[in-house]
Amino acid sequence: MKSTSLILLSACTVSLLIGSAVLYNVSRHETQHLVPKHKVDRKVPPTKSNSQTGNRRVPMSKEWNLKYPSVNVTNFPQIDDLSEEECQSMIDDVVVAPAYSMPLTALASFPRSGNSWTRSLIQVATRYSTGSIYWFREKKEERVQKWFKAGTEDFNLRKGVCVKSHLFAADHISMFKGGAILLIRNPHYSVVSEYFRFFAGVKNFTQSELKTSMEKSNEHWTNVLLPQFRRWKNLNINWLMNCKRLLVVFFEELEKNPAHEITRMVTFLGQPILPRRIMCAVRNFQPMEKHRSQMTFDPYTPEMHDLLNSYIEQVNITLILKGGKPLPSYENYVKPSV
């Protein structure tokens, strides 16, 4: 009788997992389709003055729609005297910009690619808060009310220096007249992290249940995995192909050389370069460790790796065809032990 109960309980758990996976896939509001290529404008637009924010647009080299701000952090003054008090004051003085004073610029990424971390770096570096297209559902969250204050109001008010987005439909991309920063992370990590975020954080499954699902490659994991692979590919390709003004930032390079990458983003956003604020941001904000699950096995089968690697290659080819730098060399989820 006891073993029968355990079998029934196990069957119920698997049924719940599969049911939640199906619900997750059909309830997401992100579109999955690729949009047709548009004709690329090869003309370099004239440099304009941003009178609303008082900052002059910095000239940038243009390779099609991708922007590469000229950055030289070696010219930063030696900063050895940043105190905790000075840094805290810089964190505390982040403000929401006046309505309609900012260009509408996206900070676009696949979920779990470091969007919130990057927003924090940008806020301290520029002194302006960042917004979110998800403001209506996020406005009651404590961390949004305390830290991402522009994210408590409609992003169309243009009170944020940039706006978080995980969407990628063509009409959504065209809304951002100020262009976008596209943050790209190794999907081997971001897909797993998003799986844990949704099912452990939202659906209240235990990490043990999710790890077992991944290790056995059962339907719950595979039903989620394949659509998320496509979503990672389509999001990046759609922004690359359809955004008229785009700065690509690789998560791995932001981790490795944050001062350089923050300076690129601040320049792209038309804000002044303030070395002390940039170094304060670097010292006080690191990527969240919960983005890295502490698993000791590779959750992907060889077939899954082949499919994901083909999608990575498609994104890489699109980057190169648009005149961009190629993706970093992405390692698999875990390095096999010898």
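1. H2 and H12 are roughly perpendicular to each other, a label for angles of 65 to 115 degrees, while angles under 35 count as roughly parallel, over 145 as roughly antiparallel and the rest as oblique. Their packing angle is about 95°, and their axes are 10 Å apart. Axes here are lines fitted to C-alpha atoms, for helices over the stretch in contact, and angles run from 0 to 180 degrees between N-to-C directions. Helices (H or I, at least four residues) and strands (E, at least two) are DSSP runs, numbered from the N terminus.

2. A word on the model before going further. This is a predicted model, in which local features need pLDDT of at least 70 and side-chain atom pairs count only at pLDDT 80 or more, whereas totals for chains, interfaces and linings use all residues. Residues are numbered from 1 along each chain as its sequence is written, and side-chain values use heavy atoms, leaving out hydrogens and water.

3. Back to the H2 and H12 pair. On the H2 side, Glu86, Cys87, Met90 and Ile91 meet Arg276, Arg277, Cys280 and Asn284 of H12, where contact means heavy atoms within 4.5 Å. These residues divide into 4 nonpolar, 1 polar and 3 charged. In this scheme Ala, Val, Leu, Ile, Met, Phe, Trp, Tyr, Cys and Pro are nonpolar, Asp, Glu, Lys and Arg are charged, and the others, Gly among them, are polar.

4. H12 (residues 275-284) also packs with H11 (residues 258-268): the axes come within 10 Å and cross at roughly 125°. H11 and H12 are therefore oblique to each other. Their crossing is right-handed, meaning that the near helix is turned clockwise from the far one by less than a right angle, with anticlockwise giving left-handed. Pro258, Ala259, Ile262 and Thr263 from H11 touch Ile278, Met279, Ala281 and Val282 from H12. Sorted by class, that contact has 7 nonpolar residues, 1 polar and no charged ones.

5. Please look at H9 (residues 219-242) and H13 (residues 302-321) as well, which pack at about 5° with axes 9 Å apart. That angle makes H9 roughly parallel to H13. The H9 side of the contact includes Trp221, Phe229, Trp232 and Met241, and the H13 side includes Met304, Tyr311, Ile312 and Leu319. By class, the contact of H9 with H13 has 15 nonpolar, 4 polar and 2 charged residues.

6. For the chain as a whole, there are 13 helices and 9 strands. Its 338 residues are 52% buried, with buried meaning under 20% relative accessible area, exposed over 50%, and partly exposed in between (1.4 Å probe, protein chains only). The accessible surface is about 16,600 Å², and carbon and sulfur atoms account for 55% of that area; the method is Shrake-Rupley with a 1.4 Å probe. Among contacts with a separation of 6 or more, 81% join residues 24 or more positions apart.

7. Two loops deserve a look together. Pro98 sits in the loop between helix H2 (84-92) and strand E5 (106-109) and is exposed, at 56% relative accessible area. Its contacts, leaving aside neighbours within four places in sequence, are Arg158 and Lys159. Pro98 and Lys159 are 61 residues apart along the chain, yet their C-alpha atoms are separated by 5.7 Å.

8. Lys149 belongs to the loop between helix H5 (142-146) and strand E7 (163-165), and is partly exposed at 42%. Beyond residues up to four places away in sequence, Lys149 touches Val96, Ser129 and Val144. From Lys149 to Lys159 the C-alpha distance is 9.5 Å, for 10 residues in sequence.

9. Most residues other than glycine have a negative phi. Tyr100, in the loop between H2 and E5, has a positive phi near 65° and is partly exposed at 43%. Arg158, in the loop between H5 and E7, likewise has a positive phi, near 55°, and is partly exposed at 25%.

10. Lastly, Asp298 is in the loop between H12 and H13, partly exposed at 28% relative accessibility. Asp298 and Met214 are 84 residues apart in sequence and 8.8 Å apart in space, C-alpha to C-alpha.
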